[in-house]
Amino acid sequence: MTNSPHRAELLFGTNLVAMVTPMRPDGTLDETGLTRLVDHLLDTGCDGIVIGGTTGESGTVTDAELAQLISAVSAQAKNRARVIAGVGTYNTAESIQRARDAEAAGADALLLVCPYYSRPTQAGIVAHCIAVADATELPVMLYDVPARTGIAMEAATLIELSDHPRIRAVKDAKGDIFEAMTVMARTPLAYYCGIDELNLPYLACGATGVVSVVGNVLAHRNAELIQAVKSGDLSSANTVQRSLLDIVDAVMRTSQGAVMAKAALAELGIIPHASVRLPLIESPPAHLQRLAEAMDTLSMTV
């Protein structure tokens, strides 16, 4: 079987951002901050917005809030970006309901994480994913992130799931590039790199795009990277990737991705608050200083 990257681009986009969920200091959703953030993402080249993923603090966002976010972002993005809703939980019945609610709220696609905490067998993962994919008419991007779920989607599992007509892509946060290339070679699944540190290697090996945390701040640089690889200009792609090393390090390797992405957006004045919900807490001064230095290096402006 061969990949169909152009079809995946239409379904999900290529330059996806795992959007943070703007919040006020009291923990409520910040609608004004959300509007400004979506405008910023659209203006900087993002063509896919992932709502309710890990970076969106999915574990603390209620079903009603998720539907509210999807509805608001879908209305604002219109045809400028695909809206992908994170609906996966460790409970298949709950994941099905979230998928149906996301479809009703206007989502264009679903992001389905491997069930966490319960640690099902690979057969259980297959049954879970098929049950959710069967629940709506939306295309599904599988989310393989064993560092968070405690269990990986094995290559054989991904290959089996690729037979489902609505399971069309994988967000790979596993980091096994050889396995990714193997699955891409044997299935029509489109791959999206879910590890900012590895965006260039994945793209060079055939990934369709990225789902980026750092893209909250600089989606335009990811757009440059994707275009450089697409045009075969690996020298320029390397230049872009190396220019991002400091900011990727500051955002992804200090406090936590969602925490630091919010801190960067607040520093730029895009959202008014860097507030997060417990158990996450805001970054200490040393991490914020590291972030400021990385942003300085990029000469970043709003």
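**Figure 1. The largest pocket.** The largest pocket has a volume of about 600 Å³. It is lined by 25 residues, and those closest to its centre are Thr54, Glu57, Ser58, Gly59 and Tyr116. The model is predicted, with local features requiring pLDDT of at least 70 and side-chain atom pairs pLDDT 80 or more, while totals for chains, interfaces and linings use all residues. Residues are numbered from 1 along each chain as its sequence is written, and side-chain values use heavy atoms, without hydrogens and water. A pocket is an open set of points on a 1 Å grid over the protein atoms alone, with protein on both sides within 12 Å along at least five of seven lines; lining residues have an atom within 4 Å of a point. A volume is the space filled by probe spheres set on the points. At least two lining residues each come from α4, β4 (109–113) and α6 (146–149); helices (H or I, at least four residues) and strands (E, at least two) are DSSP runs. The lining comprises nine nonpolar, eleven polar and five charged residues, where Asp, Glu, Lys and Arg count as charged, Ala, Val, Leu, Ile, Met, Phe, Trp, Tyr, Cys and Pro as nonpolar, and the others, Gly among them, as polar.

**Figure 2. The second largest pocket.** This pocket holds about 360 Å³ of space. Of its 18 lining residues, Tyr143, Val145, Arg148, Gly194 and Met252 lie nearest the centre. Two or more residues of the lining are given by each of α6 and α13 (257–267). Nine lining residues are nonpolar, five are polar and four are charged. At Tyr143, the charged end of Lys171 sits over the ring, 4.1 Å from the ring centre (NZ of Lys or CZ of Arg within 6 Å of the centre and within 35 degrees of the ring normal).

**Figure 3. The cavities.** The whole structure contains two cavities of 30 Å³ or more, a cavity being a set of points where a 1.4 Å probe fits but cannot get out. The largest cavity, of about 40 Å³, is lined by Asp63, Leu66, Ala67, Ile70, Arg98, Asp101 and Ala102. Helix α3 supplies the largest share of this lining, four residues, and α3 (63–77) and α4 (92–105) each give at least two. Four of the lining residues are nonpolar, none is polar and three are charged. The second largest cavity, of about 30 Å³, is lined by Asp196, Asn199, Val214, Asn222, Gln241, Leu244 and Val248. Its lining divides into three nonpolar, three polar and one charged residue.

**Figure 4. Aromatic pairs.** There are three aromatic pairs (ring centres within 6.5 Å; planes under 30 degrees apart are stacked, over 60 edge-to-face, the rest tilted). The rings of Phe12 and Tyr192 are edge-to-face because their planes lie at 70°, with the centres 6.1 Å apart. Phe12 belongs to helix α1 (residues 5–12) and Tyr192 to strand β7 (residues 190–193), so this pair ties together parts 180 residues apart in sequence. Phe12 is buried, at 0% relative accessible area, and Tyr192 is buried, also at 0% (buried is under 20%, exposed over 50%, partly exposed in between, for a 1.4 Å probe and protein chains only). Tyr90 and Tyr116 form an edge-to-face pair, 5.2 Å centre to centre with 90° between the planes. Tyr90 is in the loop between β3 (82–86) and α4, and Tyr116, 26 residues away, is in the loop between β4 and α5 (122–133). Tyr90 is partly exposed, at 46% relative accessibility, and Tyr116 is partly exposed at 27%. Ring pairs join Tyr90, Tyr116 and Tyr117 into a cluster.

Terms used. Rings of Phe, Tyr and Trp (its six-membered ring) pair if their centres lie within 6.5 Å; planes under 30 degrees apart count as stacked, over 60 as edge-to-face and the rest as tilted.
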